[in-house]
Amino acid sequence: MPPLNRRTLLAAIGTSLLVGPARAQGTPATPGGFAGRVFVNERGGLRLHTYMAAPQGALVTSHVIEGPGGLILVDGQFVPSAAAELKAYVASIGKPVARAILSHAHPDHWFGFHHLGRMPVHAGPVTARFLREAGAGLIAQRKADSSVPEIAGELAPGTETVAGVKLRVRRVLNTEAPEIMVIEVPAANAVIVQDLVYNKVHAFVNRQMDQWIEVLRGLEQDGSGSALILAGHGEPTAPAELKGLVRYLETARPLIEARIGKEGEIKAVVEEMTRAFPDYRAAPLLELALSYALKA
């Protein structure tokens, strides 16, 4: 799936998106003056911080696991203003970043690392290769205020302890992105799934939704009712809420299949999806996704 077009997305979103009613699991902890929002979950002796960008930043999330030996940061935001807020919030915690992780290759999750002090990141092998081979070209194409993150190491499936926190890493292929690294935090009964889950946010749909739906159903079945799911767009959620996203993708799938090569019908699909899911935000994300998904 092609990466997000930053200029097109920002032009489409403008100021038209509303954050809407609170849907968060966790304690609101947004500092004064922030355009984005912050939520904190305290579980299993750990604190998990979620920063969610304002609508102009596509409601992208970054998550911070606060361990006894430092912080683990997952994803670095999209637009400079959101990255600046994330940087300020991370600094306010008062612990060093022991590791920065990039979950997948889409630039809405890594353009902002440039504004976090250009910190090196750990990423999966597909994502690392994309950054090395295509990251600079993408930045130049988008005329983005960014730089390619340095790869500090490649993530592999398995268990390791970072900053005193046990992490379990899973590699998920061919869903919303070619590769998404899922970070489980067993002590907190939490899992950072990033763009596997859009929580009440229009998803960046594509033509490979069967695998995506299968993975979501597995998350729903594997997770207990008390599990915390940290999404890539939107507030923290729970396994029970994944039924709604599965229904969303199942609704979008035949609409896409019937319109391959009919890019003139993008707006009609968006209108049908917004009628079916009136509480979903950020319709420009869906419109942008369809501009790729409907190409012949």
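Close-up 1. Glu42 is exposed, with a relative accessible area of 61% (buried means under 20% relative accessible area, exposed over 50% and partly exposed in between, with a 1.4 Å probe and protein chains only). Its partner here is Arg47, and the closest N and O atoms of this salt bridge are 3.6 Å apart (a side-chain nitrogen of Lys or Arg within 4 Å of a carboxyl oxygen of Asp or Glu). Arg47 is partly exposed, at a relative accessible area of 33%.

A quick note on the model before the next views. This is a predicted model, in which local features need pLDDT of at least 70 and side-chain atom pairs count only at pLDDT 80 or more, while totals for chains, interfaces and linings use all residues. Residues are numbered from 1 along each chain as its sequence is written, and side-chain values use heavy atoms, with hydrogens and water left out.

**Close-up 2. Arg253 and Asp210, a salt bridge between two helices.** The closest N and O atoms of Arg253 and Asp210 are 2.4 Å apart in this salt bridge. The pair links distant parts of the chain, with Arg253 in helix α5 (residues 242-257) and Asp210 in helix α4 (residues 209-222), 43 residues apart. Helices (H or I, at least four residues) and strands (E, at least two) are DSSP runs, numbered from the N terminus. Arg253 counts as partly exposed at 25% relative accessibility, whereas Asp210, at 52%, counts as exposed.

**Close-up 3. Helices α5 and α6 side by side.** The two helices pack at an angle of about 155°, and their axes are 11 Å apart. Axes are lines fitted to C-alpha atoms, for helices over the stretch in contact, and angles run from 0 to 180 degrees between N-to-C directions. The pair is therefore roughly antiparallel (an angle over 145 degrees). Look for Arg247, Tyr248, Thr251, Ala252 and Leu255 of α5, which meet Val269, Glu272, Met273 and Ala276 of α6 (contact means heavy atoms within 4.5 Å). These contact residues divide into six nonpolar, one polar and two charged (Ala, Val, Leu, Ile, Met, Phe, Trp, Tyr, Cys and Pro count as nonpolar, Asp, Glu, Lys and Arg as charged, and the others, Gly among them, as polar).

**Close-up 4. His122 in strand β7.** His122 lies in strand β7 (residues 121-123) and is buried, at 17% relative accessibility. Leaving aside residues up to four places away in sequence, His122 touches Arg99, Ala100, Ile101, Leu102, Ala152, Gly153 and Leu155.

**Close-up 5. The covered helix α7.** Eight of the eleven residues of α7 are buried, and the helix is mostly covered. Among the buried ones are Pro284, Leu288 and Tyr292.

Notes
Angles under 35 degrees count as roughly parallel, over 145 as roughly antiparallel, 65 to 115 as roughly perpendicular and the rest as oblique.
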